[in-house]
Amino acid sequence: MTTPLALNPANRFTPMLQINPDLTDLVSDAAVGLATRLKSKATITAAAPGRVNLIGEHIDYCDGFVMPFAIDRYIVIAGCANGTTEARITSAISEEIAILDLTKTQEVGEPKWANYLRGVIRGFQDRGHHIPGFDAYILSSVPGGAGLSSSAALECATATFLEGLLDTVLDTREKALLCQKAEHDFAHVPCGIMDQFASAFGKPNRLVLIDCQSGEPELVPFENPDLTVLISNTMVHHELSDGGYAARRKHTEDGLAILGKASWRDVNASDVQTHWEKLGDPINRRSRHVVGEISRTIAAASALARNDFETLGPLMAASHDSLRDDFEVSCKELDIMVEIARKIGRNGGVIGARMTGGGFGGSTVTLCESRKASEIANTLASEYEKATGIKPQIFASRPSLGAHLIGK
């Protein structure tokens, strides 16, 4: 996945638990950026969050269940109509101004980062909307390439901005699917629905349990103040559009075809084991991950609902091991961060830890006791830097509000 435009705040952080940038400050800074760079005054401001996935990885395109939530890190787009037929778009990390001719149906083009916006604009055009000219400035606190879905945040922020520009409101599910299609067609990443659904449907103190077969999200309470989610960015960035993601997805499609089933929801562990040789390596291991991860996610949602952390922790551990060994999307740095959390253990306040996101780098998620979160974050940071020579970025997040217009 080509990293979308984002203000990467990594250089501003020391390796310990960090305070998340305030959304109000981001909105204010984006308005200043728009005025400074494009000499325009913001009349429309949209925000959309990144996401972290507690459990359920690489199964959103396999009719599985996933359990992400919207984090309190946002991409903000501040802009206004400009009275022309062109969009002028720039960001906090580049002096470049992308100019899009809105009289034409949008196609993939240069600069590459603007393809995320082109794809969303195309989705509105395909629905019969005439997009007037606008100026826009993008600012982000979602670390790019960290497995936190900065691309989905950018897509959902763009769609929400266009809603404000057009004075229209899309159904939330339609908006999320529009953004998913933009990623498929304009970033060439065949992602499932999880990232865009989490960014669009997110609510404070709610996980978004998504049935990826029916496409229906269910908001699951996450209100226990004694629990904290630590997100540890390994600072090793991934590129999902280089073929690794697409290859894994094809493996799952091939596995389902060999098994002769219509959906992975119709497959169980014994089916995979019975056809192990016929599936062949690595498709048999990819298949084992899919079946196991669907089961683990259902069990994790049940365990969380009854505060059964002794069950939840091992499920998170098994998820990481499966992603590492069977799906092969982890990496040395992710494994090191997870292993540090495991060594801290339950007595040290860690409930569970695993890689999160598409993999090939990015972040881990650690569910822990709130009263020990700072101590755990410091240990994760210091031990990780000792092992890798890399300073991680670690922050806590509660489930937060999904894509929305500021002031609406």
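There are four aromatic pairs in this structure; rings of Phe, Tyr and Trp, the last by its six-membered ring, pair if their centres lie within 6.5 Å, and planes under 30 degrees apart count as stacked, over 60 as edge-to-face and the rest as tilted. Before I go through two of them, a note on the source. This is a predicted model, in which local features need pLDDT of at least 70 and side-chain atom pairs count only at pLDDT 80 or more, while totals for chains, interfaces and linings use all residues. Residues are numbered from 1 along each chain as its sequence is written, and side-chain values use heavy atoms, with hydrogens and water left out.

Helices (H or I, at least four residues) and strands (E, at least two) are DSSP runs, numbered from the N terminus. Both Phe134 and Phe161 are buried, where buried means under 20% relative accessible area, exposed over 50%, and partly exposed in between, with a 1.4 Å probe and protein chains only.

Another pair is Phe197 with Phe201, also tilted because the centres are 5.3 Å apart and the planes stand at 40°. These two are four residues apart in helix α5, so about one helical turn separates them. Phe197 is buried at a relative accessible area of 1%, and Phe201 is buried at 18%.

Next, the cysteines. Cys156 is buried, with a relative accessible area of 0%, and Cys191 is buried at 2%.

Now back to β7, by way of the strands. Strand β4, residues 68-81, has 12 of its 14 residues buried. β4 pairs with β7, residues 134-140, through seven antiparallel bridges; two strands pair if DSSP finds at least two bridges between them. One of the contacts there sets Val76 against its bridge partner Leu139 in β7. β4 also pairs with β2, residues 44-53, over nine bridges in the antiparallel sense, and Ala46 has Ile77 in β4 as its bridge partner.

Elsewhere, three strands form an open antiparallel sheet in the order β3-β8-β9. β3 (65-66) and β9 (216-221) stand at the edges with a single partner strand each, so one side of each has no neighbour in the sheet. β3 and β8, residues 206-211, are joined by two antiparallel bridges, and Phe65 stands opposite Asp211 in β8.

Last, the largest pocket, with a volume of about 450 Å³. On a 1 Å grid over the protein atoms alone, a pocket is an open set of points where a 1.4 Å probe fits, with protein on both sides within 12 Å along at least five of seven lines, and lining residues have an atom within 4 Å of a point. Grid points are joined across faces, edges and corners, and the volume is the space filled by probe spheres set on the points. Of its 24 lining residues, Thr160, Glu163, Ala403, His404 and Leu405 lie nearest the centre. Helix α3 gives the most to the lining, three residues.
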